[in-house]
Amino acid sequence: MRHAARHPARIGPYVRRLVRDWRLRRATGDDHVAYYRAVMRSDTARNPNGAVGTASQERWMALGELQFSYLRSHGLAPSHRLLEIGCGNLRAGWRFIDYLEPGHYYGVDISPDILLAAQRVLVSHGLQHKLPHLCVVDNLRLAHFPDAHFDAVHAHSVFSHSPRHVIEECLTHVPRVLKPGGFFDFTYNRTDGTEHHVLREDFYYRPGTLIALAEARGLTATPMEDWDALPHKQSKIRVTVDGGGRS
Ligand SMILES: C[S@@+](CC[C@H](N)C(=O)[O-])C[C@H]1O[C@@H](n2cnc3c(N)ncnc32)[C@H](O)[C@@H]1O
């Protein structure tokens, strides 16, 4: 109520989202992936750039550049194979595709609608010859990928939309597909107070919770503190299998 009083202009959009999400939750039950896929369908129909969190083209370009330049300066090389989890409409993905050798970019997402938008972005940047792999997934078990295939795994603004069991599934299965010395970077909504969610769309975690989930699987989790200095609200953690990820 205090938040609403401080930001009255946000009340209308929030109520519309509340009603829309209630309807989608009724249709999809307890299945978070089905629910969030329906959210993405609704948001993508309105504006694919808005569906990934940056409605204006200018912000969409800036957020992609931020992700790309950070990952390139923190270990990504053109010869690497990169898996992007929750690739959306290739906000950063088109830059990764452009940078990496042909066939070295793999993007997965739960939303067929945003992957169709991703294909349009690929075409608009003339990157067909880079032959990226884009596929829709139902879960994060990554079962269709071979062992030790990826040098890097990247998930930007995905755990911020994920309940704990989805994050646990991801942390359980990413290590199998990482090469020795590879790394997994993810962002999340950080809270230093009580963990919570908003409409089961946005989830807030304490860093210690995510670090403990990684460590429980024998992984090393390192907060990327220089990321926090950049103009982005989420925090970032790098996970490595043996503590020896390239930097
Ligand atoms: C905020 S968007 C970010 C997209 C992209 N990472 C970027 O930065 O532009 C979140 C994306 O993650 C996808 N997503 C959400 N939960 C997912 C899950 N459990 N597995 C795979 N993709 C997921 C959504 O469909 C959406 O495309």
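What distance separates the centres of domain 1 and domain 2, taken over C-alpha atoms? The legends below begin with that view of this predicted model.

**View 1. The two domains of the chain.** The domain assignment divides the chain into domain 1, residues 1–30, and domain 2, residues 32–240. Taken over C-alpha atoms, the centres of domain 1 and domain 2 are 25 Å apart. Eight residues of domain 1 and seven residues of domain 2 make up the contact. On the domain 1 side, the residues that touch domain 2 are three nonpolar, one polar and four charged.

**View 2. The surroundings of L90.** L90 lies in the loop that runs between β1 (82–85) and α6 (93–99). Is L90 buried or exposed? L90 counts as buried because 30 C-beta neighbours lie inside 10 Å, where 20 or more are required. Leaving aside residues up to four places away in sequence, L90 touches G107, A118, V121 and L122. L90 and A51 are 39 residues apart along the chain, and 12 Å separates their C-alpha atoms.

**View 3. The shell around the ligand.** Around the ligand there are 24 residues, of which G86, G88, R91, S111 and S157 come nearest. Two or more residues of the shell come from each of α3 (32–46) and β2 (105–109). Which element gives the most to the shell? That element is α3, with three residues. By class, the shell around the ligand holds 14 nonpolar, eight polar and two charged residues.

Notes:
Residues are numbered from 1 along each chain as its sequence is written. This is a predicted model: local features need pLDDT of at least 70, side-chain atom pairs count only at pLDDT 80 or more; totals for chains, interfaces and linings use all residues. Domain bounds come from an automatic or database domain assignment. Two residues are in contact if their C-beta atoms, placed from the backbone, lie within 7 Å. Ala, Val, Leu, Ile, Met, Phe, Trp, Tyr, Cys and Pro count as nonpolar, Asp, Glu, Lys and Arg as charged, and the others, Gly among them, as polar. Helices (H or I, at least four residues) and strands (E, at least two) are DSSP runs, numbered from the N terminus. A residue is buried if 20 or more other C-beta atoms lie within 10 Å of its own, exposed if 12 or fewer, and partly exposed in between; C-beta atoms are placed from the backbone. A residue is near a molecule or strand if its C-beta atom, placed from the backbone, lies within 6 Å of it.
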